[in-house]
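Work through the exercises below with the structure in view. Try each task before reading its solution.

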Amino acid sequence: MTNTATEINSSTEVGASVAATSSATITFADFGLDPLIQKAVAEQGYNTPTPIQAQSIPHVLAGSDLMGAAQTGTGKTAAFVLPIIQKILRHASNSASPARHPIRALVLTPTRELAVQVAENAASYSKHTDLRAAVVYGGVDMKEQVAILRNGVEILIATPGRLLDHIGSKVANLSQVEILVLDEADRMLDMGFLPDLQRIINLIPAQRQTLLFSATFSPEIKKLAQSYLRTPVTVEVARQNAAADTVKQIVHMVSSADKQRAIVKVLEARTRAGLSRQCIIFTNSRLGCAKLSRALERDGIKAGAIHGDKSQGERTLTLDAFKSGAIEALVATDVAARGLDIPDMPCVINHELPYNAEDFIHRIGRTGRAGSKGDAIALVDPSEKRLLDDIEKLMKRKLDVKPLPEGAPSYSRPASGGSSAAPAKMADPFFYMPYEPGAATASSEQAAMPDTKKVGITPAKPAVGALLGGFKKK
Ligand code: AMP
């Protein structure tokens, strides 16, 4: 093992943190993971651990509780899933008896999408072992989940409400859980899951290891950690409330009425620049999301909507279509998009600014992932000036305001506190170079993540239904 692990301070005080250290000299072999796990990691194409992996895995293996501050796209899932598999591998059994497969590790996530992604990772990383992984979440029929839980599963990934349903009907039993993970804990609190979390945690033996991951460490998160973690080590790989350095952020001042047209122009400009048109477009409401998606389709853009009124099946179909490239613009609300793992997303567009500045960071965290470059474009109506101010305050930086591409109406940025929109002259098309075509495939700044993936959309992952039945593998 290299000395990275010793560079991390153990802390008895929640909130003490460790700055990111280079993981360049660490390899997966250094962790002493079982060859069956290493084989699965190699098959994923991962060469080098990411900083959060390099810093967290040794602590988790050593049995410490841990608070991880990590942005989306940093590789945090493998940072907890890999050592969990290693730690419970001693229980692996090929017996068919459910009694030989109690839940040993529980991962709680705020959304079904994140739950599915974590489960996909757990299934991939454990595929050469006899451990079983499964996912349960609400909004779908219980029956299939009940059958899987009754069969026995060592690694369970769940959203809190549905897990409580299964516990209530005595299908899930947490009395043998050794490791608990609270993933995207900040979002779980935002979504009002605290009472559910408390009920669930109280059913887990006190002699457990608890890992908490969160994009931000708010006072509420620290309080949660104080209640449920024991002398946790804190690992932080990115500045809090900061976006990845690989994300180029641009603001276009544009009236609400012109935003849809602005999106068309932005996509046309990307085509002209030889860039991918694949983008996620964030809206604040379900209705706005559905309307925008339909309007873009009328404009000839291959669009699909993903929001809370869509069934799980519809969401999965849309997401698969997006990943395969059949849809180029995925119009989404925050809750639906939370935790979507779409590596190397080239562009995120904020159709409206979110009311909560932290949501902006989560939104733009969909791009620039895995160290690739991304564009985050915000379309800002003058009436949203206050929201923009909040975001800039949180990120401690001013965002670049650029004119819109040719043909789209543009407004100058109102002075602080002002809200009137004065039409400005058409933007000069030659001034519009925000996307730096050459940079889209450059790898020189790929610092956040080892360069093992190419820019572009990865093939669709297995559908949720497939996952529910199977994690197995061989
Ligand atoms: P996460 O932050 O866990 O959502 O991971 C973001 C993306 O990074 C996922 O697509 C992972 O498959 C990928 N990833 C995780 N670990 C590594 C690694 N060591 N090298 C390259 N890619 C990775």
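**Exercise 1.** Decide whether R162 is buried or exposed, then find its salt-bridge partner.

*Solution.* Start with the area. In this predicted model, R162 has a relative accessible area of 9%. Buried means under 20%, so R162 is buried. Next, look for the partner. The side chain of R162 meets that of D165 in a salt bridge, at 3.7 Å from N to O. The cut-off is 4 Å. Now place the pair. Both residues belong to helix α6, three residues apart, so about one helical turn separates them. Finally, check D165. Its relative accessible area is 40%, which makes D165 partly exposed.

**Exercise 2.** Find which parts of the chain the salt bridge between D359 and R187 ties together.

*Solution.* Take the distance: the closest N and O atoms of D359 and R187 are 2.4 Å apart. Then locate each end. D359 sits in helix α14 (residues 357-364) and R187 in helix α7, so the bridge ties together parts 172 residues apart in sequence. D359 has 12% relative accessibility and counts as buried. R187, at 5%, counts as buried too.

**Exercise 3.** Describe the salt bridge of K127 with E43.

*Solution.* The closest N and O atoms of this pair are 2.8 Å apart. K127 is in the loop between α4 (112-125) and β3, while E43 is in helix α1 (residues 35-44). The two residues are 84 apart, and the pair links distant parts of the chain. K127 is partly exposed at 27%. E43 is partly exposed at 41%. Across the whole structure, a search finds 18 salt bridges.

**Exercise 4.** Work out the strand order of the open sheet and name the strands at its edges.

*Solution.* Seven strands line up as β3-β4-β2-β5-β6-β1-β7, with parallel pairing. Now look at the ends. β3 (133-136) and β7 (233-236) each have a single partner strand, so one side of each lacks a neighbour in the sheet. From one strand to the next, the twist averages 15°. Zoom in on one pair: four bridges join β2 (residues 105-108) to β4 (residues 155-158). There, L106 stands opposite L156 in β4. α6 (residues 160-168) lies across β2, β3 and β4, at about 120° to β4.

Note on methods: Residues numbered from 1 in each chain as written. Predicted model: local features only at pLDDT ≥ 70, side-chain atom pairs only at ≥ 80, totals over all residues. Heavy atoms only, no water. Pairing = 2+ DSSP bridges. Axes fitted to C-alpha atoms, helices over the stretch in contact; angles between N-to-C directions. Contact = heavy atoms within 4.5 Å. Buried < 20%, exposed > 50% of the residue type's maximum accessible area, 1.4 Å probe, protein only.
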